[in-house]
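Hello,

Here is the structure I promised to pass on. My notes follow below it.

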Amino acid sequence: MKRLFSILAITGVMAFGTVNANASTTTAATTTAVVSTTQDDAAEPAEELGFHQELKKRFIEGGPEFMGIVLLCLILGLAIAIERIIFLNLSTTNTKKLTKEVEEALASGGVESAKEVCRNTKGPIASIYYQGLDRTDEGLDAVEKAVVAYGGVQMGQLEKNVSWISLFIALAPMLGFMGTVIGMIQAFDKIEAAGDMQPSLVAGGIKVALLTTVFGLIVAIILQIFYNYIIAKIDSIVNEMEDASITLMDLLIRQKQ
């Protein structure tokens, strides 16, 4: 997690630094191009920018202050989301296969053989099986309590850091709205200073203000997709854990008989 977070954070900082280094030059070139197009109707139309160039241009126009914070929310949110997705995929277990192996081990080699199967299998379900089998000498009530308690621990591990993703989902559009409000205030300050309601004076400020909202919503949409996938994956694993717990109790009851 730390290594993945560091790589994504460094990449985002480098990209943000490049944007800041070229902000003044790109903004001046964009302003000159707009003025030239307005004054000369016969000028040739500008070439269409690619998606990456257009995104970079809009990012610079929105102002690096709020746009940089929104970008940071995206980087941190994606870092946590990718780490969770990798962890959850590694935690997924073929429950039917594991249950069959544990049942065969119980029938042939007893509890110790079944515990060995669980030790050699990754995932929360195998860990729950192991904790339950480790309490068989204390009775079925102790097994049930151990399974329930350790199931709660495993749920906590599955849900670790997920709340941070939901925080960035809420934070990104709010930062965008804040940038929009501040941009609108600045636009009205320019109108007040000029003493005249000129469309060209207002349009630029409003466009810059709205760009922060657009980028904030884009970040929230991207992170929301990852968040919903992670929640669905967690629910699936938790349901398998509950079914596996019931199955383990049935296996132990049949063995006692």
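What are the helix and strand percentages over residues 66-87, and how far apart are the end C-alpha atoms? The span is 100% helix and 0% strand, and its end C-alpha atoms are 32 Å apart. Helices here are DSSP runs of H or I with at least four residues, strands are E runs of at least two, and both are numbered from the N terminus.

A word on the basis. This is a predicted model, where local features need pLDDT of at least 70, side-chain atom pairs count only at pLDDT 80 or more, and totals for chains, interfaces and linings use all residues. Residues are numbered from 1 along each chain as its sequence is written, and side-chain values use heavy atoms, without hydrogens and water.

The unreviewed UniProt entry annotates residues 66-87, 164-188 and 208-231 as "transmembrane region". Such annotations may be inferred rather than shown by experiment. Residues 164-188 are also 100% helix and 0% strand, with end C-alpha atoms 36 Å apart.

The chain as a whole has 9 helices and 0 strands. Of its 257 residues, 35% are buried (under 20% relative accessible area; exposed is over 50%, partly exposed in between; 1.4 Å probe, protein chains only). Take contacts (heavy atoms within 4.5 Å) between residues at least 6 apart in sequence: 80% join residues at least 24 apart.

Last, helix α9. This helix spans residues 199-256 and gives the most to the nonpolar patch, with 3 residues. L217 sits in helix α9. L217 is partly exposed, because its relative accessible area is 38%.

Best wishes
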